Amino acid sequence: MLPAHGPRDRAVRLLAIDPLDGSLSLGWPADLPALLAPGDLVVMNDAATVPASLMGRTTSGDPIELRLTSGSSITADRTSSFLVVLFGAGDWRTPTEHRPPPPRLAPGDRLWFEASLSAVVEAVDVRSPRLCEVRFEAVGADLWRRIYRAGRPIQYAHLRSPLRLQDAQNPAAGRPVAVEAPSAGRFLHAAALRGLSRAGIRVASLTHAAGLSSTGDPVIDALLPLPEVYDLPEATVAAIDGARQRGGRIVAIGTTVVRALEGNLLEHGALRPGPGVTDLRIGPGYAPRIADALVSGLHARAESHFDVMSAFAPPSLCDEALDVAEREGLQNHEFGDLCIVVPRAPSRARPSLLPASPRLRPIRHGNGAARQIPTGASGVAIPSL
Amino acid sequence: MKLEDRTVLITGGSRGLGAAMARRFASLGAKIAIAARASHSLEEVAASIRGVGGRAQAFTYDAVDPDGGHRLAGEVAVTFGPVDLLIHNASTLGPVPLVPMLETDASDFERALRVNAIAPLRLTQAVAGSMALRGGGTIVAISSDAAHAAYPTWGAYGASKAALELCMRTLAVELEGTGVRILIVDPGEMDTQMHAEAVPDAHRGDLADPGDVAAAIARLVAAGSTPNGARVEVSGLREVA
């Protein structure tokens with residue numbers, strides 16, 4: 001499948017996959033209300049994308065590019081230390097796998113950027129010289145003002161021209177905590193939200209700090225996705241519970257929404273509002289307990305997004321869907337086409353998952369078979385430095 | 001709209017009506033982001049609000065920078081959270097003294113369009129989707145009767161304000177039902193530096209105090225009863241108040 005070369009190249013398509021009867025259909029994002037039913041709940045990630053790529057120099061003048069692995073803190077603390085990925089000379093036009101590593105760095109070395117922004121290397125990971133912890137020499141609002149001036153969004157080598165900050169934002173994004181756009185929500189502009197609402201489909205949001213999707217360094221990429229922070233509003237938990245009790249389906253817009261919801265449930269045993277961190281990896285065999293449907297970009301079989309899709313439909317059907325997408329000329333990557341994995345038959349009412357619920361009963365699937373309840377997170381550790 | 005703890009972004013907040021609105025909304029408990037080109041007075045307005053216990057932060061913003069709107073929305077959201085009330089107040093007259101349309105340099109007209117109409121559209125694009133997702137938010141565009149009447153020498157400014165008003169009215173129709181409310185406010189003639197530049201021989205006693213106009217706008221926003229897309233003349237507001 002070919003990648004989309006830019007944000008405004010062409011109208012985006014929507015490939016609908018029904019995991020129950022295996023049917024596939026091709027339409028447009030505007031068809032979403034028709035694929036859903038009154039009472040369903042769409043949950044989207046409202047994270048905005050920060051300019052996480054900073055071009056700079058070492059003290060000896062060697063060029064580097066620094067990419068933040070996480071955006072501003074959801075809990076509004078005054079962090080100035082960040083886990084970052086560094087590249088040596090070159091820019092976004094070179095695929096990351098061909099970018100040279102940064103010059104040899106040691107704790108105490110300084111890095112210099114535009115807008116009078118500087119950082120001190122605090123640690124270099126033993127597994128990859130590209131993975132470092134740095135401390136910026138600014139804090140809070142002042143730090144972010146400098147980052148917004150010195151930085152630009154993370155770029156992709158398959159694009160024709162550089163992304164502007166606005167190209168990396170979803171239309172409904174409001175909280176700048178992501179370093180790459182949670183791009184499945186790209187089609188949910190105000191008119192689309194109104195269309196859903198008119199069709200009796202409610203929309204709720206959470207904030208999930210989408211991290212780096214790939215770095216080109218196999219050692220670091222094996223660690224992705226890194227643990228990511230999220231914030232689950234009380235209103236969203238209530239909306240999910242209400243929809244489930246009415247028999248509505250929960251439609252996750254993007255894999256980040258699935259990670260936040262499932263990660264929260266696994267940690268607490270019930271959905272608990274508030275901030276959290278998840279290291280959950282979702283793949284084939286994982287049975288999502290909150291989300292019934294997933295809207296996602298189209299992703300190659302080796303990518304973690306494809307694994308998440310495989311938790312919503314049999315891997316063989318996902319495979320087949322990718323073949324169809326290729327035949328139909330669909331495109332992948334950030335600005336490519338979308339798919340939705342949604343079972344047509346509406347679910348029936350299910351028990352509450354609120355912490356106040358007297359007990360947690362097994363969830364039943366459309367065909368009456370009990371779905372497997374996962375017992376623990378996969379346990380990807382934060383890279384040790 | 002309850003204003004306490006809300007994020008209010010005001011462009012052109014370094015003086016005149018913008019600074020007066022910043023002080024007024026801060027006194028009502030809002031978190032104030034004022035945005036303008038870097039200047040001592042911009043920082044001073046923010047510092048004076050903080051000095052009396054308010055919450056305010058100055059942001060450097062160049063209305064003609066194509067990336068400026070999204071950068072500003074991002075910086076404000078990092079500092080105070082997503083914008084709940086956006087006030088398009090920054091505005092340019094173009095070169096003064098004002099000249100007739102036939103003598104207006106096209107590049108000056110282009111700049112007026114960029115600052116007075118296109119920049120507000122960009123900034124609206126950066127915040128309105130988030131407001132719609134959250135089910136509420138207010139966007140106020142400060143306009144002028146020059147958007148409707150043909151005043152000699154005010155052509156470039158008036159045409160740019162007419163463009164602003166039609167953009168905002170169209171947005172209001174498109175956002176109907178999302179909870180986002182758009183208001184166009186004609187503040188009338190005020191005793192400001194901008195007015196003095198445009199009409200140097202005006203009698204100051206005939207001009208409204210920007211502080212009174214700011215108070216009227218705050219009441220309008222707080223009441224929340226004005227329909228989406230409405231155009232409000234502030235002189236009418238003062239009679240009501």
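Predicted model: local features only at pLDDT ≥ 70, side-chain atom pairs only at ≥ 80, totals over all residues.
Is Asp46(A) buried or exposed? At 5% relative accessibility, Asp46(A) counts as buried.

## Chain A as a whole

Chain A holds eight helices and 20 strands. Of its 385 residues, 56% count as buried. Take the contacts in chain A between residues at least 6 apart in sequence: 73% of them join residues at least 24 apart.

## Where the two chains meet

The contact draws 23 residues from chain A and 24 residues from chain B. Together the two chains bury about 2000 Å², 60% of it on carbon and sulfur atoms. Eight residue pairs are in polar contact across the interface of chain A and chain B, both residues being at pLDDT 80 or more. On the chain A side, the elements that give two or more residues are helix 2 (140-150), strand 13 (175-178), helix 3 (190-198) and strand 14 (202-208). Helix 2 of chain A gives the largest share, five residues. Sorted by class, the chain A side has twelve nonpolar, five polar and six charged residues.

One salt bridge is counted between chain A and chain B. It pairs Arg149(A) with Glu75(B). Another residue to look at here is Gln166(A), found in the loop between strand 12 (151-152) and strand 13 of chain A. Leaving out residues up to four places away in sequence, Gln166(A) touches Pro66(B), Asp67(B) and His70(B). Gln166(A) is buried because its relative accessible area is 14%, under the 20% limit.

## Salt bridges

Over all chains, the count comes to 22 salt bridges. Here are four of them, with the distance between N and O atoms.

| Pair | N to O distance |
|---|---|
| Arg149(A) and Glu75(B) | 2.6 Å |
| Arg175(A) and Asp46(A) | 3.0 Å |
| Asp5(B) and Arg55(B) | 2.7 Å |
| Arg231(B) and Glu233(B) | 3.8 Å |

Now back to Asp46(A), whose side chain meets that of Arg175(A) in a salt bridge. This pair links distant parts of the chain, with Arg175(A) in strand 13 and Asp46(A) in the loop between strand 4 (41-45) and strand 5 (47-49), 129 residues apart. While Asp46(A) is buried, Arg175(A) is partly exposed at 31% relative accessibility.

In chain B, the side chains of Asp5(B) and Arg55(B) form a salt bridge. Asp5(B) sits in the segment before strand 1 (7-11) and Arg55(B) in strand 3 (residues 55-60), so the pair ties together parts that are 50 residues apart in sequence. Asp5(B) is partly exposed at 42%, and Arg55(B) is partly exposed at 35%.

Arg231(B) and Glu233(B) also pair up. Salt bridges that share partners join Glu165(B), Asp186(B), Arg231(B) and Glu233(B) into one network.

## Two buried residues in chain B

Ser143(B) lies in the loop between strand 5 (137-142) and helix 5 (155-175) of chain B. Its relative accessible area is 4%, so Ser143(B) is buried.

Val45(B) belongs to helix 2 (residues 40-51) of chain B and is buried, at 4% relative accessibility. Setting aside neighbours within four places in sequence, its contacts are Gly13(B), Ser14(B), Ala19(B), Ala22(B), Arg23(B) and Ile34(B).

Terms used. Residues numbered from 1 in each chain as written. Chains lettered and ligands numbered in written order. Heavy atoms only, no water. Contact = heavy atoms within 4.5 Å. Buried area = accessible area lost by both parts, 1.4 Å probe. Salt bridge = Lys/Arg side-chain N within 4 Å of Asp/Glu carboxyl O. Polar contact = N/O pair within 3.5 Å; in protein donor to acceptor, adjacent residues only side chain to side chain. Helix = DSSP H or I, 4+ residues; strand = E, 2+ residues; numbered from the N terminus. Nonpolar A, V, L, I, M, F, W, Y, C, P; charged D, E, K, R; others polar. Buried < 20%, exposed > 50% of the residue type's maximum accessible area, 1.4 Å probe, protein only.
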